[in-house]
Amino acid sequence: MIFSAQIRAARGLLSISQIELAADSGLSLQTIKNLEKDEEAVRKANLATVEKIKNTLENRGVRFTFSKERDESGKFLEIGVKLNTHMN
């Protein structure tokens, strides 16, 4: 699972537009906009849709990070995105 903030951050690190992400992932621009804007939309989205975005961004060189620690409600205390420096 990834979060809307991570999608936005990953695009920023890669300097790609929502249009580019939509084209590369095979999803509509509106889907990308909705998922970036609304965390609830990510939670409710089809897993295959979220995986397309995640895989597309990872293939371009980002890695999604999550802390091992969670709060009392089960939410990750930290989430992030890193740019891989060792791409093949």
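On the face of helix 5 turned away from its buried side sit Leu47 and Asn59, both exposed, where exposed means over 50% relative accessible area, buried under 20% and partly exposed in between, with a 1.4 Å probe and protein chains only. This is a predicted model, in which local features need pLDDT of at least 70 and side-chain atom pairs count only at pLDDT 80 or more, while totals for chains, interfaces and linings use all residues. Residues are numbered from 1 along each chain as its sequence is written, and side-chain values use heavy atoms, with hydrogens and water left out.

Helices (H or I, at least four residues) and strands (E, at least two) are DSSP runs, numbered from the N terminus. Helix 5 covers residues 47-59, and its 13 residues reach 18 Å from the first C-alpha to the last, close to the expected 18 Å, the expected span being 1.5 Å times one less than the number of residues. The buried residues of helix 5 are Thr49, Val50, Ile53, Lys54, Thr56 and Leu57. Seen down the helix axis, these buried residues fall within an arc of 165°, so they line one face of helix 5; the arc is that of the directions from the helix axis to the C-beta atoms. What covers them includes helix 1 (4-14), helix 2 (18-25), helix 3 (29-37), helix 4 (39-44) and strand 1 (62-66), contact being taken as heavy atoms within 4.5 Å.

At the start of helix 5, a side-chain oxygen of asparagine 46 comes to within 2.7 Å of the backbone nitrogen of alanine 48, and just after the helix, glycine 61 adopts a positive phi of about 120°.

At its start, the backbone nitrogen of isoleucine 19 has a side-chain oxygen of serine 17 within 3.3 Å, and the helix is followed by glycine 26, whose phi is positive, near 80°. Leu21, Ala22 and Ser25 are buried in helix 2. They cover an arc of only 100° around the axis, which puts them on the same side of helix 2, and they pack against helix 1, helix 3 and helix 5. The face turned away from this buried side carries Ile19 and Ala23, which are exposed.

In helix 3, the buried residues are Ile32, Leu35 and Glu36. Their arc around the axis is only 100°, which places them on the same side of helix 3, and what covers them includes helix 1, helix 2, helix 4 and helix 5.

Conventions
Polar contact = N/O pair within 3.5 Å; in protein donor to acceptor, adjacent residues only side chain to side chain.
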